[in-house]
Amino acid sequence: MHDPILYALFLIFVGAAVAATGALFLRQSMLVGYILLGVALGPSALGWVGSPDLIRNAAAIGIIFLLFLLGMNLHPQKLVQLFGEVTLTTIASTAAFGALGFAVGWGFGFTLAESLVIGAATTFSSTIIGLKLLPATALHHQHIGEVVIAILLLQDLLAILVLIGLQGLGAGDAGLSDVVGLVLGLPGLVVAAFVAERYLLRPLWQRFDGIQEYIFLTAIAWCLGVAELGSMLGLSHEIGGFIAGVAVANSPIARFIAESLRPLRDFFLILYFFALGAGLNLAMLGDVVVPGLVLAAGVLLLKPLVFRGLLARIREKQPLAREVGVRLGQMSEFALFIAMVALDSGVIGERAAYLLQFATVTTFVVSSYIIGLRYPSP
């Protein structure tokens, strides 16, 4: 009698190794292989992993680590000038993509609230695709890496505000006091995180910086601790993880922490993208395939053109503007978060949530292929 959890992990990681190999031969992102593996082994197909909810809950840790590491890249003193340069580009592109998503939702008969959520989810590009498919030399040492990171960070901040707003709508039945607590929770968590990092965490790291195991352990504890505190304050674990990362961004050992946690993050992200594919209900595709393909096609065609035009207007060189547009020419994993939060809050129905899932996965697959075909990638 095999243990169901160990058996599921065996299927996921052996299958992921095979799927990743195939994806690399086809010049696809490995993330696409994980998603398609989840579809194949999930309840809607072979059913070998019959309960993806447990995997999804564990995989949520990977998203927390992802946002934690993203927050650690936020160095205000280095990016203020670049933020000023791309802020108008980000706002203008957000308005254009939001209008696209709203038009598709409204045109296919979704409610006003659902169309607004579809529009909001369409505005963001994928941090995972954008950063994981950018070569390390470009990511850390070239101007294109700075532009991509700046736009993605601004988009992620806007996405966090959208998530907070949806959580506030979901708390409507709980009374005004809960909504006020939700609004006050974000600045309270930010202040608490920065104070704790400055006067507790940093002195400990300075004293025991020669013990790598201790740094690794306390970094994980810090990330998950602030994430849990964020949840207790009415925010989300993901928002807490992001704030935990921002708080330690200026630490002298921030880069060591980031390098240490990346393998752990990737372990859970494999589970996350597998669970994403396994959670797709193929029986629902008939209801969303047409609007999903229209939305995905609009994103894949419009985003590269809009980013290229906006970046050219701020005097970025045409080759860079074109490449940034292609690298950011997909929907975001935040669209999946927004869909889940909005569904749990009762703002949208299952059909709208499946539409966002299907369109996001479709843009992941096509965009990854285009990036790998046209530009250098790891």
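Analyst: Contact here means heavy atoms within 4.5 Å. This is a predicted model, in which local features need pLDDT of at least 70, side-chain atom pairs count only at pLDDT 80 or more, and totals for chains, interfaces and linings use all residues. Residues are numbered from 1 along each chain as its sequence is written, and side-chain values use heavy atoms, with hydrogens and water left out.

User: Which residues is I257 in contact with, apart from its neighbours within four places in sequence?
Analyst: I257 is in contact with F68, M72, W205, I215 and A219.

User: Which residues touch the most other members of the largest nonpolar core?
Analyst: They are F68, M72, V117, W205, W222, I257 and F273, in a core of 97 residues. Such a core is a set of buried (under 20% relative accessible area, 1.4 Å probe, protein chains only) Ala, Val, Leu, Ile, Met, Phe, Trp, Tyr and Cys residues joined through side-chain atoms within 4.5 Å.

User: Which helix gives the most to this core?
Analyst: Helix α12 (residues 254–278) does, with 13 residues; helices are DSSP runs of H or I, at least four residues, numbered from the N terminus.

User: Now T94: what does its side chain reach?
Analyst: The T94 side chain reaches the backbone oxygen of T90 at 2.7 Å. T94 lies in helix α4 (residues 76–107) and, not counting residues up to four places away in sequence, touches T123 and L158.

User: And on the surface, is V18 buried or exposed?
Analyst: V18, in helix α1 (residues 4–25), has 59% relative accessibility and therefore counts as exposed (over 50%).

Definitions and conventions. Helices (H or I, at least four residues) and strands (E, at least two) are DSSP runs, numbered from the N terminus. A polar contact is a pair of N or O atoms within 3.5 Å; within protein, one must be able to donate a hydrogen and the other to accept it, and residues adjacent in sequence count only if both atoms are side-chain atoms.
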